[in-house]
Amino acid sequence: MSKETERQRWQRNFADLLQELRVAQTGVQILFAFLLTLPFSNGFTRTSGFQKDVYIVSLLAAAAATALIISPVAFHRALFRQGRKPELVRFAHRMASAGLAFMLISMVSAVLLITDFVLNRGVALLLSGATAIWFLTFWVFLPFARRNWGEDDIDDEDDDPQHLPGD
């Protein structure tokens, strides 16, 4: 079994990160497009001041998420062929994490906007809070709780006399 070099590891990390960003980018762009068209719909004139404020928060958070999630592409262009892949991967990781945080804010405030428009405020706040907890569970709590997931399995394989290199 061959070990990857440090350079290969950085290349793989960057490729993995780009795949993740493609998924996030599609989601945030769809949300952003929806939010951009919302004020031009007929029902938007019936929104309350609170709903318009929530809309602005959601719109600006989606714009920030879009900028942050796409920023690794611009950074890559600036550093292209300079041999600075570690720096690029670290930057892209930070931008992706910040982009997901802004996407969370945008998603939750979009849910609040829509539910407040069609339901009473108390129910809208409850559903939006549940949405925030749902996203935080899958985007923050579980990933951090499982950061070392599988490490015991790797250690066990090394101790397994039946395990042969390359299996």
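Modeller: A crossing is right-handed if the near helix is turned clockwise from the far one by less than a right angle, and left-handed if anticlockwise. This is a predicted model. In it, α3 passes α4 in a right-handed crossing.

Biologist: What makes α3 and α4 roughly antiparallel?

Modeller: Helix α3 and helix α4 (residues 121-145) pack at an angle of about 155 degrees. Angles over 145 count as roughly antiparallel. The pair is therefore roughly antiparallel. Their axes are 8 Å apart.

Biologist: Which residues of α3 and α4 make the contact?

Modeller: On α3, they include Leu100, Leu104, Met107, Val111 and Asp116. On α4, Arg121, Leu125, Phe135 and Trp139 are among them. By class, the contact of α3 with α4 has 14 nonpolar, three polar and two charged residues.

Biologist: How do you know how α1 and α2 are oriented, roughly parallel or roughly antiparallel?

Modeller: α1 and α2 pack at an angle of about 150 degrees, their axes 9 Å apart. The cut-off for roughly antiparallel is over 145. So α1 is roughly antiparallel to α2. Their crossing is left-handed. Among the contact residues are Phe14, Leu21, Val28 and Phe32 of α1, and Tyr55, Leu59, Ile69, Ile70 and Pro72 of α2. The contact of α1 with α2 divides into 15 nonpolar, five polar and no charged residues.

Biologist: Why are α1 and α3 called roughly parallel?

Modeller: The axes of α1 (residues 6-37) and α3 (residues 85-118) cross at roughly 25 degrees. Angles under 35 degrees count as roughly parallel. Hence α1 and α3 are roughly parallel to each other. These axes come within 10 Å.

Biologist: Is the crossing of α1 and α3 left-handed or right-handed?

Modeller: The crossing of α1 and α3 is left-handed. In the contact of α1 with α3, 19 residues are nonpolar, five polar and two charged.

Biologist: What span is expected for α2, and what does the helix reach?

Modeller: The expected span is 1.5 Å times one less than the number of residues. α2 (residues 49-79) has 31 residues, and 45 Å is expected. From first C-alpha to last, α2 reaches 45 Å, close to that value.

Biologist: Where does α2 bend?

Modeller: At Ile70, by about 35 degrees. That bend is the angle between axes fitted to the seven residues ending there and the seven starting there. A proline, Pro72, follows within four residues. Both Ile70 and Pro72 are also in the contact with α1.

Key:
Residues are numbered from 1 along each chain as its sequence is written. This is a predicted model: local features need pLDDT of at least 70, side-chain atom pairs count only at pLDDT 80 or more; totals for chains, interfaces and linings use all residues. Side-chain values use heavy atoms; hydrogens and water are left out. Axes are lines fitted to C-alpha atoms, for helices over the stretch in contact, and angles run from 0 to 180 degrees between N-to-C directions. Helices (H or I, at least four residues) and strands (E, at least two) are DSSP runs, numbered from the N terminus. Angles under 35 degrees count as roughly parallel, over 145 as roughly antiparallel, 65 to 115 as roughly perpendicular and the rest as oblique. Ala, Val, Leu, Ile, Met, Phe, Trp, Tyr, Cys and Pro count as nonpolar, Asp, Glu, Lys and Arg as charged, and the others, Gly among them, as polar. Contact means heavy atoms within 4.5 Å.
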